[in-house]
Amino acid sequence: MTHDEILQGLYDNTLVGNAPEVKDLVNAGLEDGMDPEKMLYDALIPSLEEVGARFERGDYFVPEMLIAARAMQGALDILRPLLAETGAQQVGTFVMGTVKGDVHDIGKNLVNIMLEGAGFQVWDLGVNVAPETFVEKIKEHKPEIVGFSAFLTTTMPMFKANINALEKAGIRDQVIVMVGGAPVTQEYADAVGADGYAADASTAVRMAKDLIQKKRAAVPA
Amino acid sequence: MDTVIQSRSRRVVIGGEQPFCIIGERINPTGRKSFQAQLQAGDLSQLEIDVSQQGAADVLDVNVGDPLADEIELMRQAIPLVQSLTDVPLCIDSSVIEALEAGLSVYEGKALVNSVTGEDARLEAILPIVARHGAAVIGLANAEDIPMQPERRLEVAKKVVSVAGDYGIPPEDVVIDPLAMPVGAEPRAVTLFIETVRLIRDELGVNMTCGASNTSFGLPGRHTLGAAFLAVAQSHGLTSAIMDARNTETVEAVRATDFLLGHDEWGARWIANHRAKQAAAQAS
């Protein structure tokens, strides 16, 4: 197989969520001396971006997105240690959790998978996460973004409580705040002082990248 | 075991030998941006449309929760308004305890309260209110997390029924929600649900309801999936669902299953519904 055929195979098989084939192709590429970064940026990430675009258009459905992201994760499990060796720049880092009082996690998990698929490092704190836990984990992991998820109109006010907790802990300026969940609106995200809101998982990934770029541009590392 | 809920003039019985109880889910602002904006402006005029579209429902769920609106006041107004528009009993739906209380205090009849979880703080806060108003209550089979083993969901259900008993609420007034989750995100979601339904039916014998539309989240052909899901769940012991009562396909699947399972003797309701449709078609 030529390297171009391997890249095309990675793209095509990620698109349809064929995890075993994606894994085999990654290993075949590595054995043949291919650059891990090339496989990631020229095949896997474009494929998952296409998955996201199809989902946004309504051409792809939840299970298709999940299996594509899973195929991508399988590839990343192999590539991540190699990418770390070559010092490839991290796309971004994310601490994520469903707010206190809320146990819904499907939307949050979808966003996590899409973020990881796009090359983010994600620390998932799970569901029913208290404001003080968010503060503690942000201090520990120092992510660029924290994501609050809420599925109930009655747990959405925890966004504000979490942001207040970040302010009280003096770390609000250190982290970008994104919010999301079925009942959340842009208007509500603005009202609680979040930095970003997205209506679905692939938009969330795009927004996360944009927000990080803006922040990195504003604050030279 | 029969759960009775009532409006001023109508009585609905939920039970294993009864026709399936359809609870209309439409009066809920989740995912409805214009309804959210109306609620924020204190405008409840949408309720008249929502009620009129859910004529197939045995019970209507009423949820007017929006974090930018005064949910307590909205509930206080919405309940009498809906009761003036329809005589079906209501399911008062909020996770704000004061909103549940406000709704119950103006409701005429015996309401169903949606809902309490197995968390101690929620049980202690909500069950006394349910008991004081002589209402029935939906108990979710989850506590701090959502258990992914049927046995653990059964344990939570047992706890809810037991604590309800401590507050003087009999088991027939507790309707357990075994938690229907999206099959598109978890291939085992429905088999796990069915197993939980069977366990609760056999071990507790209480009535059960669920948010049926969750099952088809993110998938094409939602009505067909919903219809198939309800038929399967019904045949394993689910006695009610909070569901899309506006959709004919889903509603008819439920009524067909009632007939097939012997809960609509000689198909009287099934045939009457057919005649009503014929008459409506001729009239238009």
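Biologist: What share of the residues of chain B count as buried?
Modeller: 49% of its 284 residues. Keep in mind that this is a predicted model.

Biologist: And how many helices and strands does chain B have?
Modeller: There are 10 helices and 10 strands in chain B. Its radius of gyration is 18 Å, close to the 19 Å from the globule rule for 284 residues, so chain B is as compact as a globular protein of that length. The C-alpha trace spans about 55 × 45 × 35 Å along the principal axes.

Biologist: OK, strands then. In what order do the 8 strands of the open sheet in chain B run?
Modeller: The order is β9-β8-β7-β6-β5-β4-β3-β10, with parallel pairing.

Biologist: Which strands stand at the edges?
Modeller: β9 (207-208) and β10 (240-243) of chain B. Each has a single partner strand, so one side of each has no neighbour in the sheet.

Biologist: Switching topic: how many residues does each chain put into the contact?
Modeller: Chain A gives 18 residues and chain B gives 23. On the chain A side, α4 (62-86) and α8 (186-192) each supply at least two residues.

Biologist: What's the make-up of that chain A side by class?
Modeller: It has 14 nonpolar and 4 polar residues, and no charged ones.

Note on methods: Residues numbered from 1 in each chain as written. Chains lettered and ligands numbered in written order. Predicted model: local features only at pLDDT ≥ 70, side-chain atom pairs only at ≥ 80, totals over all residues. Contact = placed C-beta atoms within 7 Å. Helix = DSSP H or I, 4+ residues; strand = E, 2+ residues; numbered from the N terminus. Nonpolar A, V, L, I, M, F, W, Y, C, P; charged D, E, K, R; others polar. Pairing = 2+ DSSP bridges. Rg over C-alpha atoms; globule rule 2.2 N^0.38 Å. Buried ≥ 20, exposed ≤ 12 C-beta atoms within 10 Å, placed from the backbone.
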